[in-house]
Each structure stands twice: as structure tokens, then as C-alpha cells.
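The sequence and the model are shown first.

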Amino acid sequence: MNVIALVGRTNVGKSTLFNRFCGRREALVHDRPGLTRDRRYGKATLQGLTATVIDVGGVGEESALAPLIDEQVDLAINEANLVLLVIDGESGFSSIEEDMAKQLHVSGKNVLVVLNKVDANADESLGIELNRLGFGLAVEISALNGRGIPRLVRAINDELPNSAEIESSHEGIKVALVGRSNVGKSTLINTIVEDKRCIVFDEIGTTRDAIDVPLKRPEGDYVLIDTAGIRRKGRVSDVLEKFSILHAFKAMDRAQVALLVIDAAEGVVDQDLHILQYAAESGTGLILVANKWDTLDRYKREQFRASLSHKLKFADWITVKHVSALTGAGVDKLFPLINQIYENGKFEFGTPEINDVLQRVIEAHPPPAVNGRQIKLRYANKVGSHPPSIMIHGNQTSRLDAQYKRYLKNSFREYLNLDGLPIMLKFKTTDNPYKGRRNELSPRQKKKRERLIRHRIKH
């Protein structure tokens, strides 16, 4: 397995280079030091060479999180068989790079020095000066505009065996962990993978980016997506937090199942309901995970269940699981449910089965009449999966009220065993083929009409 780790100080362009390698804007990039914190994995194909690329936080960040970020950097170096030491070509190198070079020499890893942010008129003396780090000449690039990237890719291919192939780190059921800040999403991921994969710190906003975590379990393959905590819109003023929350919403859009993690001690609050609504609208299968369950006594657990039953009346199809991310209690029970929701989300039903359900539902409770005219729902067919999507054909379908649509969704979910999944209903009104057309009379009808007119005139 080819694994490339990108290391260096804060704000030297590691995430920009990561995005360049992986061919898409996966990592948040902003002109502010210390944006990346957790290890982020991506798959890159570099002139035929397949490799996993790891982006990590910057060394030398002056914050309470610095020791935790340094630990993530060490873990990335240990995983890699090639390390790219990225240095800022505008500010040069410092004692931090010299200390990192000593650490890398001790690790015994293959190392390439990458001098980033170098334009066409840059001073070549800095690249030569970097020789004293002991890793040979630096490869000069600009990750932002692509300058020097082909030369860097050739250097990487020289360092790594081209025959090594790896499995994509982005294969498996995509499971997004979403929720408010500080409810235990990162702790839950670390417990599941049995590794300090994500930084856990008692501070709101520790996780900033949406981090993909590949996972293999006896139940199957998964990609866990740790997301930033979502706060109320009025409380979000920092531009980076806005981007982080945007990535969290995008994670729900691409996930097949979402775990909405809540703090059981606080119960379901309005912000949890907003997140739940967005996840349902994006078509994601949903499991509500009540974390910190071990901190509640019997009385508080009963209170929680009663409150939850009341607040989730509009979405009683969501399954609730009680866990403790800290101790691991109840965590293993999540995966059989994830698999079930994923399989059900494929929605492998034919048109006859769907129509049979529609006819039963209509017979039990026909659509209401509007202005004296009965709404008729004639037939239905499948139009999509993940989420299950159904097209219903009939007349006056645009006049169906929300209550009857909800009745249809709940009925399809019950008959087809689609618990944990939002159902998307689309409606198509069958037009009257004679609408707007004038009825032309035959010659015989015209003569009859004339006789009737003359008869009325006489009398």
C-alpha cells in the first residue's frame, strides 16, 4: 500500500496540495493558520501510481490543541512510506522544519522536500539552501496554480513502487455523523475505529472539516464522515465555521445513512430538529444516537423517552439507539441497523408491488374530494433509490393536501418495511387529451342543431 503523508508548518499549502492530488476540493482551504486539525485521507492517481494521501494539521500551531495535532502528525508519519515535507517558499524555513527533519531522519521514512508557493521568478537560492536538511534538492511547485506538479509527481513515482495497488479508501456505506457541537461525534468515531483518528477536545468547534474515516468490520465496509458541530445560524459569525457547517451539510447529501448524535443529558433541542429535517430532506437514512446514555439515571431516562416521543411525532419512523461513546456501550448495535437501512434504501421493488400497496392504501382511505371533484390516484412506479422515490400518476394531484401525502408516505413505509428512511413522493397529473380542443359537429349534427334552433324560435 502506497501512503503519502503531507507534513509541515501551518498555512504552507498542504491542503491545497492534497486537493490537487485528489482531483477535487475535499479539504477546506483558507488563508488562516491551523485550519486542518484531524488526519484526512484521499485517493490519488499520480501518473499510474495509486496512493493514499494523508493531510494533517500544521506543526507549530500555538494553541491548546497543539499536542493533539502533533500526535496526529506522528500517526500519519508512521502510516506513510513516503513523507512530503512541505515548506512555504515565501516565508522560507525555520527551526520548526529543522526539528521535523531530525524527526524524519530518525523515522527512516523516504522523504521529499517540497517548496511550495514558488512563482516563475522565484529565487532559486532557497531551494539549494534546503539541501542542508539532508533530503536532497527540494522540488519547487505552486500547488495553487499547478506549477511544478508534474515534476513532483515524477519524483514521487521514483520513490514509490509503481506496482503497488491499494483499495479505495472511499468504498463502503457512507455514514455521516452529524449533530450539534460537543455532543461526542469524534469520540464515537474513535471508539468505533479503536484509534485516535479524530481530535477530541472539550472545546466547541474542535472539528472543522468533514473527515472521511474508512472502516472495515465483520458487518461490512464503511466510510464514517465526522463533521463539524452545527450551531444555530444566528450564533455563527466566523467565516471558517460557516464553511465547516457547509461541509457538514454536504456530507449529509452524499451519505446513505446519517447518525444524528445528540447529548442524552440535554435531550432533543430545536437545533437537533433542524438538522434532522435537513437530513430527511436530503434523502439520508437516519438513526438518532442518544450519546452519554450512561450518565443518566432511571428517572432521567424515562423523562428522555417521554420527551423524545413527543418531539418526534412528525418523524416517528426514525430509530433511536442509546450509546456511550466513551465506554463503547451500545456502539456495536449500530452497524446491523446501518446495514438494514442501507439495504432497504436500495428500494428493490417492482411496479406491480408498488401499485398493490397504492391500491390498498386508497381503498382504506380514499383521497379527499376538492370542489366536489374526486382526486383519483391511478398508478405508481419507482423513480429512484437512496432515498426510495415513487412517482404517483392521477388527476388533480397538485390539490392533495400535506396530511394525505404524509399518510401515503407512512403507508408505503409500513407496507414495504422502510423504517429509518425518508420517502420521496412525486406526483404527475394525467392531462385530459381533449382539454382545449373544440368538439367539431358532423354535417348531420349541424342539420339537427339548426332544426332545434328553428323550432325554439317558432315557439
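## Strand 10 and its neighbours

Strand 10 and strand 11 (residues 285-291) pair in the parallel sense over seven bridges; helices (H or I, at least four residues) and strands (E, at least two) are DSSP runs numbered from the N terminus, and two strands pair if DSSP finds at least two bridges between them. The model is a predicted one, in which local features need pLDDT of at least 70, side-chain atom pairs count only at pLDDT 80 or more, and totals for chains, interfaces and linings use all residues. Residues are numbered from 1 along each chain as its sequence is written, and side-chain values use heavy atoms, with hydrogens and water left out.

Strand 10, helix 8 (residues 270-281) and strand 11 make a right-handed β-α-β unit, right-handed meaning that, with the strands pointing away from the viewer, the path from the first strand over the helix to the second runs clockwise.

Strand 10 (residues 257-263) has seven of its seven residues buried, where buried means under 20% relative accessible area, exposed over 50% and partly exposed in between (1.4 Å probe, protein chains only). In a regular strand the side chains alternate between the two faces of the sheet. In strand 10 both faces are covered: Val257, Leu259, Val261 and Asp263 are buried on one side, and Ala258, Leu260 and Ile262 on the other.

Helix 6 (residues 185-193) is likewise mostly covered, with eight of its nine residues buried. Among the buried residues of helix 6 are Lys185, Ser186, Thr187 and Asn190. Glu194, which follows helix 6, has a positive phi, near 55°.

Six strands form an open sheet of mixed pairing, in the order 2-3-1-4-5-6. Strand 2 (40-46) and strand 6 (139-140) stand at the edges with a single partner strand each, so one side of each has no neighbour in the sheet.

Strand 5 (residues 110-116) is joined to strand 6 in the parallel sense by two bridges, and Val114 stands opposite Val139 in strand 6. Helix 5 (residues 149-159) packs on the sheet and touches strand 1, strand 2, strand 3 (49-55), strand 4, strand 5 and strand 6, its direction making about 175° with that of strand 5. Contact means heavy atoms within 4.5 Å; axes are lines fitted to C-alpha atoms, for helices over the stretch in contact, and angles run from 0 to 180 degrees between N-to-C directions. Helix 3 (residues 95-107) lies across strand 1 (3-8), strand 4 (82-88) and strand 5, running at about 170° to strand 4.

Leaving aside neighbours within four places in sequence, the contacts of Phe412 include Ile354, Ile392, Asn417 and Leu418. Asn344, in helix 10 (residues 334-345), is buried at a relative accessible area of 18%. Not counting residues up to four places away in sequence, Asn344 touches Pro388, Asn417, Leu418 and Leu421.

## The chain as a whole

The chain has 13 helices and 17 strands, and buried residues make up 51% of its 459 residues.
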